[in-house]
Amino acid sequence: MVVTGTESPLVVVLSESMEPGFKRGDILFLHMNKDPVRAGEIVVFNVDGRDIPIVHRVIKVHERHDTAEADILTKGDNNPRDDRLLYAHGQLWLQQQHIVGRAIGYLPYAGWLTIAMTEKPVFKYVLIGALGLLVVASKE
């Protein structure tokens, strides 16, 4: 966290909304600094009322010179429209506090284990059981 400037330095892409650039199951490496967010950057953001962060591209930034803040609009590369329908009710723009980090790299398909354990809880229990058996067997 100290090095990356973000509380979540890794995230898994959970949908096809960023294809072809990022595919479902890719792991993104995040970094965050004080530089203003710019159009074209891929960011991870949280929306009030949603538990899972979203990975999308910044398509517009309106800087407010009187307050040095910015209104940010995002869109998934594979989506036909901007993300305003994903934002909290009545919210038209994101602010800097919604941004968790900027994507600085990725590892293709490495997050599929996370997706499998989330979508198929049985898989998680089978994996935990197999690891437990492996520990028991290695001690004998």
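At what distance from the ring centre of Tyr-125 does Lys-124 lie over the face of that ring? In this predicted model, Lys-124 is placed 5.9 Å from the ring centre of Tyr-125. A charge is taken to sit over a ring if NZ of Lys or CZ of Arg is within 6 Å of the ring centre and within 35 degrees of the ring normal. The charged end of Arg-84 likewise sits over the ring of Trp-93, 4.6 Å from its centre.

The model is predicted, and local features need pLDDT of at least 70, side-chain atom pairs count only at pLDDT 80 or more, and totals for chains, interfaces and linings use all residues. Residues are numbered from 1 along each chain as its sequence is written, and side-chain values use heavy atoms, with hydrogens and water left out.

Seven salt bridges are present in the structure (a side-chain nitrogen of Lys or Arg within 4 Å of a carboxyl oxygen of Asp or Glu). One of them pairs Arg-38 with Glu-63, whose closest N and O atoms are 2.4 Å apart. Arg-38 lies in the loop between strand E2 (27-31) and strand E3 (42-45), and Glu-63 in strand E4 (residues 54-64), so the bridge ties together parts that are 25 residues apart in sequence. Strands (E, at least two residues) and helices (H or I, at least four) are DSSP runs, numbered from the N terminus. Arg-38 is partly exposed at 41% relative accessibility, and Glu-63 is partly exposed at 38%; buried means under 20% relative accessible area, exposed over 50%, and partly exposed in between (1.4 Å probe, protein chains only).

Asp-82 forms a salt bridge with Arg-84, with 3.9 Å between the closest N and O atoms. Salt bridges with shared partners join Arg-64, Glu-69 and Asp-71 into one network. Within it, the closest N and O atoms of Glu-69 and Arg-64 are 3.8 Å apart.

Two aromatic pairs were found in the whole structure. Rings of Phe, Tyr and Trp (its six-membered ring) pair if their centres lie within 6.5 Å; planes under 30 degrees apart count as stacked, over 60 as edge-to-face and the rest as tilted. The ring centres of Phe-22 and Tyr-106 are 5.0 Å apart and the planes are at 80 degrees, so this pair is edge-to-face. Phe-22, in the loop between strand E1 (10-12) and E2, is 84 residues from Tyr-106 in strand E6 (residues 99-107). Phe-22 is buried at 9%, whereas Tyr-106 is partly exposed at 41%. Phe-45 and Tyr-87 also form an edge-to-face pair, 6.1 Å centre to centre with 80 degrees between the planes. Phe-45 is buried at 0%, and Tyr-87 is buried at 5%.
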